[in-house]
Amino acid sequence: MNISYNWLKQYLDFSLSPVELSLLLTDCGLEVESMEQWQSVKGGLEGIVIGEVLTCSKHPDADKLSVTTVDIGSGQVLPIVCGAPNVAAGQKVVVATAGTIIYKGEENFEIKKTKIRDEVSEGMICAEDELGLGTSHAGIMVLNPYVKAGTLAKDYFKVEDDYIFGIGLTPNRTDATSHIGVARDIKAALDNIDFVKKIKSKRKLNLPSVENFKTQNSSLDIDVVVEDVIACPRYAGVTVTGIEVKESPVWLKNRLNGVGLRPINNIVDITNFVLHETGQPLHAFDASEITGGKVIVKKLSRGSKFTTLDGNERELSGNDLMICNTEDGMCIGGVFGGIKSGVTEKTKDIFIESAYFDPVHIRRTSKYHDLQTDASFRFERGVDIEMTIFALKRAALLVKEIAGGTISSDIKDVYPNPIPKVKVEAKWKNIDRLIGKSIGKDVIKNILQSLHFQILKENTDGLHLEVPACRIDVTREADVIEEILRIYGYNNIEIPVRLNSSVSHSSKPDPENLMNSVLDYLSNNGFSEIINNSLTRFVYYENQKDFDETNSVAILNPLSRDLNVMRQSLLHGGLETILYNLNRKINELKLFEYGKVYKIADRNATDILNKYEESNHLSLIVTGRKEPETWYSGDKEVDFNYLKAVSFNLLKKLGIDLNRLQHEKTSSEYFSEGLRFSVNNSPILEVGRISKSMLSTFDIKQEVFYSEFIWETLLDLTKTNKVRYRPIPKFPEVRRDLALLIDSSVTFTEVEKLAYRTENKLLRSVNLFDVYEGENLEKGKKSYAVSFILQDEEKTLTDKVIDKTMSRLMAAYQNELNAVIR
């Protein structure tokens, strides 16, 4: 939200500098995120003065150049070489002196003392396009002969210097979407400062007067009918005839340019000006396009076609509120105008609309059509219903002043069910309790009255208040107290000298500490954390074997079609992040994400807690090289085994015994190959290579590997793990190796589990360090080279014990796996 410093001063007289004002605004809840100097002419015409051409003669060495002397005031005469064909002695001209920066379009250059064909030139006589005052470059600007030489150009052309505040509004503060609304807060804050200092404030909020509004004739009476009073509680309009649509005056264009709006024509500019002045959106219709002389506010049937001002034909939802004539729609109410009914240069008569639309209807329409406008921004948050007529009168008077014309009808104000103002009771004790100190009853009443709260009743318990219509967000006692506190000043609440705390007990293991240790491990090993939106696209789950699309948690009022369901997996967000980085030439990625996934657990459940299920997952996704490209790192890329090893290390860090893992090939179609790991038949981890079909959906052309942990299941497993102290063994380990010739279908997991089942006392670890398949082996066979680490914690192992243990292992392999010991 852009707010102009100069514009604010039209409504409130204050002496604060722009910097001081930005601090005051932030302190009272309107956070100033940026402050920029703005000038109606770029550069502010600094270094440019009005001069008088004393002499003018042809350049001796150039036919198209003239040598001039120019008086720029205070007796200072400059020699200037000029190329304009219309330069002559006696003219008053605009001169850029040496050192001046000229801003011409997107380019800028500095005027320097120089020689042009051996003639000294100490400035430049300017054309209007070189100053940003127009577009003509036919010749230099020739001014009124009575202008005094030496007059600063910025004074002659009345260049406006301003400061523009970028205010980060919270969604509830629709009252501050206008300059009058912001001025109201400034006045309240300054009045409070004066009141605390016991200074009597004389400030007044100077609202523009509409007392001169009156109907001049009834030559164009347009009737208004509101068929849907729920979607449109109030609708008002007035006609103005005999207008002239033309360029806006300089002051109006400056106001709009200052807040970032492009001037269009005087009528449209007036509606935009009043919008940013009062916060009330307006719309001007070409009255000749209002067929039947009647404005009807209603909803058109679903599937109806309507072409908006941007030229796009849109299909209506059936819930869109339309402003219609007797034949068809003219405007999407509160959101966007239609292409036919807009004001053009040929328009002579207009109908000005000022309305209050239901915020829910406007928001749904805005999101459905993906149209975010200044009007919808305000209507969907709720505008001041009492500002409707004031803003309409203000606009009509400005049209009469700037575009001419006659007010040719009474105001049509359809307001069948007036909305009552909210009444709230604020108790003194609750005000003191929530603020944290007693600030005094007089201070509280002064703040509330400066914010236009009406005190209906005061007693020993507190205040009975009527909330102003502009504050639709104030409905509770806590809201009133927040208003008091923000104007009083958060910084004026002292930090207490005593700190109260309570002893808390957390269950073990602590989920937060456990997660932090896992995330630290990943970041220490080169992984970067990503945080994706929990909202995603329904198409990711549509007609997918791995996901039941009927279990998708749909958003009733989605921000867009790309964010219309809650995610069922972290996979798609990870792949979107991979693609985003690959498109920016970042090809080596190791990423992790911890977040919730969502699904419908019981469609028939009436209790929301039973109907929906959300659970925490942890995902890892990698692609590219294992290490960044250097002269010593090589070209080895991440693979399935790399990601599986990282995933297993995480399980070990959580205290999960890998020997308890059960595994099977994954059935997920988004993996071309992968494994699913379980404990006691409860899945905890899935690891694999993303399939080419899934990668092609995201237009990813390099291999990607992915693993996903079900965090809640892991937490349940860690609860049963007990940390026990065990001293370092005093006796050495012994390693023995075996070469096993086994069937190709036998996995290392089977070899490992059989070893632990055969010898569970001395066997410490089993490792596969070589695999061979090929020549010299019969078909269907493979050779495993396996190492065994043995250790007795009570004594040194003897050869006899070692040989006996290895004999049992060999016998087990021969009998159960049909292995041949080589």
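Which side chain meets that of arginine 471 in a salt bridge? The side chain of aspartate 175 does, at 3.3 Å from N to O.

## The model and its terms

This is a predicted model, where local features need pLDDT of at least 70, side-chain atom pairs count only at pLDDT 80 or more, and totals for chains, interfaces and linings use all residues. Residues are numbered from 1 along each chain as its sequence is written, and side-chain values use heavy atoms, with hydrogens and water left out.

## The whole chain

The chain holds 21 helices and 41 strands. Both are DSSP runs, numbered from the N terminus: helices are H or I with at least four residues, strands are E with at least two. The C-alpha atoms fill a box of roughly 120 × 85 × 65 Å along the principal axes. The radius of gyration is 39 Å, while a compact globule of 822 residues would have one near 28 Å. This radius is taken over C-alpha atoms, and the globule rule is 2.2 Å times the number of residues to the power 0.38.

Of the 822 residues, 47% are buried. Buried means under 20% relative accessible area, exposed means over 50%, and partly exposed lies in between (1.4 Å probe, protein chains only). The accessible surface comes to about 42,900 Å², and carbon and sulfur atoms hold 48% of that. Areas come from the Shrake-Rupley method with a 1.4 Å probe; for residues, only the protein chains shown count as cover. Now take contacts with a separation of 6 or more: 69% of them join residues 24 or more positions apart. Contact means heavy atoms within 4.5 Å.

## Strand S28 and its partners

Strand S28 covers residues 462-466. It is largely enclosed by the rest of the structure, because 4 of its 5 residues are buried. Strand S26 (residues 423-427) runs antiparallel to S28, and 5 bridges join the two. Two strands pair if DSSP finds at least two bridges between them. Across this pairing, alanine 426 stands opposite leucine 463 in S28.

Strand S27 (residues 454-458) also pairs with S28 in the antiparallel sense, over 4 bridges. Here glutamine 454 faces glutamate 466 in S28. A hairpin of 3 residues leads from S27 to S28.

## Salt bridges

Side chains of opposite charge can pair when their charged atoms come close. The whole structure has 41 salt bridges. Each is a side-chain nitrogen of Lys or Arg within 4 Å of a carboxyl oxygen of Asp or Glu. Return to arginine 471 and aspartate 175, which meet in one of these. Arginine 471 lies in the loop between S28 and helix H13 (477-488), and aspartate 175 in the loop between strand S13 (161-168) and helix H5 (179-196), so the pair ties together parts 296 residues apart in sequence. Arginine 471 is buried, at 4% relative accessibility. Aspartate 175 is buried too, at 7%. Both belong to a network of salt bridges that links Arg173, Asp175, Asp185, Arg471, Asp473, Glu483 and Arg486.

Arginine 537 and aspartate 562 form another salt bridge, at 3.5 Å from N to O. Both sit in the loop between strand S30 (535-536) and strand S31 (565-566), 25 residues apart. Arginine 537 is partly exposed at 33%, and aspartate 562 is partly exposed at 42%. Glutamate 247 and lysine 253 also pair, with their closest N and O atoms 2.2 Å apart. Glutamate 247 is exposed, at 57% relative accessibility.

## An open sheet

Four strands form an open sheet in the order S39-S40-S38-S41, with antiparallel pairing. Strand S39 (763-772) and strand S41 (820-821) are the edges; each pairs on one side only. S39 pairs with strand S40 (residues 781-790) over 8 bridges. Tyrosine 772 stands opposite serine 783 in S40.

## Exposed spots

Val19, Leu23 and Met35 form a nonpolar surface patch, with about 260 Å² of accessible area together. Patches are made of residues with over 30% relative accessible area and no salt bridge; like charges are joined within 9 Å, nonpolar side chains (Val, Leu, Ile, Met, Phe, Trp, Tyr) within 5 Å. Leucine 23 lies in helix H2 (residues 18-27) and is exposed, at 53%.

Lysine 158 is not a glycine, yet has a positive phi of about 55°. It is exposed, at 70% relative accessibility. Lysine 198 is not a glycine either, and its phi is positive at about 60°. Lysine 198 lies in the loop between H5 and strand S14 (223-226) and is exposed, at 78%.
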